[in-house]
Amino acid sequence: MANVAVVGSGLAGFTAYQTLRRAFAPGEIAVFGTDADPVAVWRVRAAAIRQREMRSESDGHCRAATFPGLAFQGVLRRRSLRPLLESALDRYHPTVDEFVAHVERTRARSRWDESIVCRRVERVRAVDGGFELDGERFQHVLLAPGHPGLNVPDELRTDPRVVHAYEPHGYESTATVVGAGLAAATEWLNALSAGAEVVSVRRREPVRRPLSVPREYFSRRGLAAFQRLAPCERVERLRALSAPSYPAGREWDEPLARATEEGRFRVEPSVNGSTQVICATGFLQGFQNDPLLARLVEDHGLETAEGWIVLAPDSSVRPLTDPTRTLAVAGAPAQWAFPAADTLAGARYAAHRFLRRILLCRTR
């Protein structure tokens, strides 16, 4: 009978499951979610922006161990050492098709489908020695609910021209793209390639960096420094890290420069008369936008800092975790513990520490 539960069947929950399989059989893990396919939601969003490559690098995979990464699979598939050379220079980015194939192989090998419980969890409640998920009891629970929804600015919600970048769409002859992150940059090129005249509306200039957060935060030293920050400093750091960004490189700069010279691309301060408005504005932020997390905070009086639940460095929920039970958070809502929590590396970080707590409970 399962005594360990993962709430969320997306990529963060899937990655956590791979780590838990080091110690548990499929029948000992219950994964609650609305779709057995861990890339179901992600696949739609990637297709909507015509994404071809992953922003992550070789270690952007779902297996429990960081090494070997996807670059090694690339070597075998391409019969070339180039993926390894690119990986050594932090320039290897698997294609979307390669990543999806990796997920499908891992899903079959790990017997993921045997652990899936196709049901949405509405409430998590602490009880003696564990937690109740809508009345069903587990000793150890990892919450990986994903992003709470797509973000559309309030002033654009009723505009009939609006579509979110992560929803299926085509391109009109004139398109305004709101936002300045990777999705926005991708949409600039997509719309230009489709022949559109493109206007970029942004609140601030994007940062040019290869990963969603600076590379230092994936290191032990950088993470330790972040976790030593006082709450007010940590809030400010997380705000700064949420600035829109996309990678530097000619593949972005040259098409935009040509389009600017042709008068087909420009930056404006507000939405104008374009026939289409594409909101590349990412996701809703903050626990209050996720009903499950909002109820958890309210029911148990958890400490929060603006939109973040205050977590221990190992991503556990301090007041509800003790030697007899564990409640932890993974994915986007776990940024308080790991700034890049919404990456696959972040999901692995939370999963390994969750498993460590479970094993410590076993030995007490």
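Two strands are said to pair if DSSP finds at least two bridges between them. The strands themselves (E, at least two residues), like the helices (H or I, at least four residues), are DSSP runs numbered from the N terminus. You are looking at a predicted model, in which local features need pLDDT of at least 70, side-chain atom pairs count only at pLDDT 80 or more, and totals for chains, interfaces and linings use all residues. Residues are numbered from 1 along each chain as its sequence is written, and side-chain values use heavy atoms, with hydrogens and water left out.

With that in hand, let us start with a sheet. Strands of a sheet pair through backbone hydrogen bonds, either parallel or antiparallel. Zooming in, strand β1 (residues 4–7) runs parallel to strand β2 (residues 29–33), and 4 bridges join them. Val7 stands opposite Phe32 in β2.

## A helix on the inside

Among the buried residues of α1 are Leu11, Phe14, Tyr17 and Leu20.

Apart from neighbours within four places in sequence, Val235 is in contact (heavy atoms within 4.5 Å) with Ala305, Glu306, Trp308 and Trp336. Arg325 is 90 residues from Val235 along the chain, and the C-alpha atoms of the two are separated by 28 Å.

## Rings that meet

Now for the aromatic side chains. Rings of Phe, Tyr and Trp (its six-membered ring) pair if their centres lie within 6.5 Å; planes under 30 degrees apart count as stacked, over 60 as edge-to-face and the rest as tilted. By this rule the count is 11 aromatic pairs. One of them is edge-to-face: Tyr217 and Phe226, at 6.2 Å centre to centre and with 90° between the planes. Both are buried, Tyr217 with a relative accessible area of 5% and Phe226 at 1%. How are the rings of Phe338 and Tyr349 arranged? Their centres are 4.6 Å apart and their planes are at 40°, so this pair is tilted. Phe338 lies in the loop between β17 (326–329) and α11 (344–363), while Tyr349 belongs to helix α11, 11 residues apart.

Rings can also gather in a group: Trp188, Tyr246, Trp252 and Phe265 form one aromatic cluster. Arg234 lies over the face of Phe226, at 5.2 Å from the ring centre. A charge sits over a ring if NZ of Lys or CZ of Arg is within 6 Å of the ring centre and within 35 degrees of the ring normal.

## Salt bridges

The structure holds 21 salt bridges, each a side-chain nitrogen of Lys or Arg within 4 Å of a carboxyl oxygen of Asp or Glu. In one of them, the closest N and O atoms of Arg119 and Glu136 are 3.0 Å apart. Arg119 lies in the loop between β3 (116–118) and β4 (124–127) and Glu136 in strand β6 (residues 136–138), so the pair ties together parts that are 17 residues apart in sequence.

Arg123 and Asp299 form another salt bridge, at 2.8 Å between the closest N and O atoms. This pair links distant parts of the chain, 176 residues apart: Arg123 is in the loop between β3 and β4, and Asp299 is in helix α10 (residues 291–300). Arg125 and Glu132 also meet in a salt bridge (2.8 Å, N to O). Arg125 is partly exposed at 40%, whereas Glu132 is buried at 17%. Finally, a network of salt bridges links Asp37, Arg43, Arg107 and Asp113.

How values were computed
Buried < 20%, exposed > 50% of the residue type's maximum accessible area, 1.4 Å probe, protein only.
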